Amino acid sequence: MEFFAPCAGDDLKPQLKTLTALQDLLGEMNDRHVLHLTAQRAFPPLTVEYSQEASVQFPPDVAQFLKYGDARARRLLTQVRAQWRKLEDENWLGSIAGLF
């Protein structure tokens with residue numbers, strides 16, 4: 001959308017700012033997901049003798065960090081959903097289309 005910003009002039013700046021904020025939230029959520037997957041690869045699953053299922057056991061500091069990251073990702077998702085509802089209520093996409 002930034003590519004077309006010169007065509008819409010300054011009227012597009014608020015929408016770009018809104019989109020950038022949403023992209024930041026989604027980007028952080030993705031970063032946390034990738035970090036969790038990376039940690040799972042770094043600490044391979046252990047299979048306990050009495051169980052057929054493998055489970056990942058992280059060192060305590062890593063487990064605490066990932067737990068914080070999971071909670072943060074849930075908060076980010078709540079923010080994204082609220083922001084998206086607000087954008088839909090404001091007909092955000094329609095307002096952008098109207099600029100062109």
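Okay, let's start with a word we'll need: a residue is called buried if its relative accessible area is under 20%, exposed if over 50%, and partly exposed in between, using a 1.4 Å probe and protein chains only. By that cut-off, 21% of the 100 residues in this protein chain are buried.

One caution before we go on: this is a predicted model, so local features need pLDDT of at least 70 and side-chain atom pairs count only at pLDDT 80 or more, while totals for chains, interfaces and linings use all residues. Residues are numbered from 1 along each chain as its sequence is written, and side-chain values use heavy atoms, with hydrogens and water left out.

Now the layout. The chain has four helices and two strands, and from the N terminus they run α-α-β-β-α-α. Those are DSSP runs numbered from the N terminus: helices are H or I with at least four residues, strands are E with at least two.

On to the salt bridges. Side chains of opposite charge can pair when their charged atoms come close. Here a salt bridge means a side-chain nitrogen of Lys or Arg within 4 Å of a carboxyl oxygen of Asp or Glu, and that rule gives three.

Which residues are linked in a network of salt bridges? They're E28, R32 and R72. R32 meets E28 at 3.1 Å, N to O, and both sit in helix α2, four residues apart, about one turn of the helix. R72 also meets E28, at 2.9 Å, N to O. That pair links distant parts of the chain, 44 residues apart, with R72 in helix α3 and E28 in helix α2. E28 is partly exposed because its relative accessible area is 23%, and R72 is partly exposed too, at 21%.

The other pair to look at is K86 and E90, with the closest N and O atoms 3.9 Å apart. K86 has 45% relative accessibility, so it counts as partly exposed, and E90, at 47%, is partly exposed as well.

Last stop, a backbone detail. Where does N91 lie? You'll find N91 in the loop between α3 and α4 (92-99). Its phi is near 50°, a positive value in a residue other than glycine.

And that's my tour, thanks!
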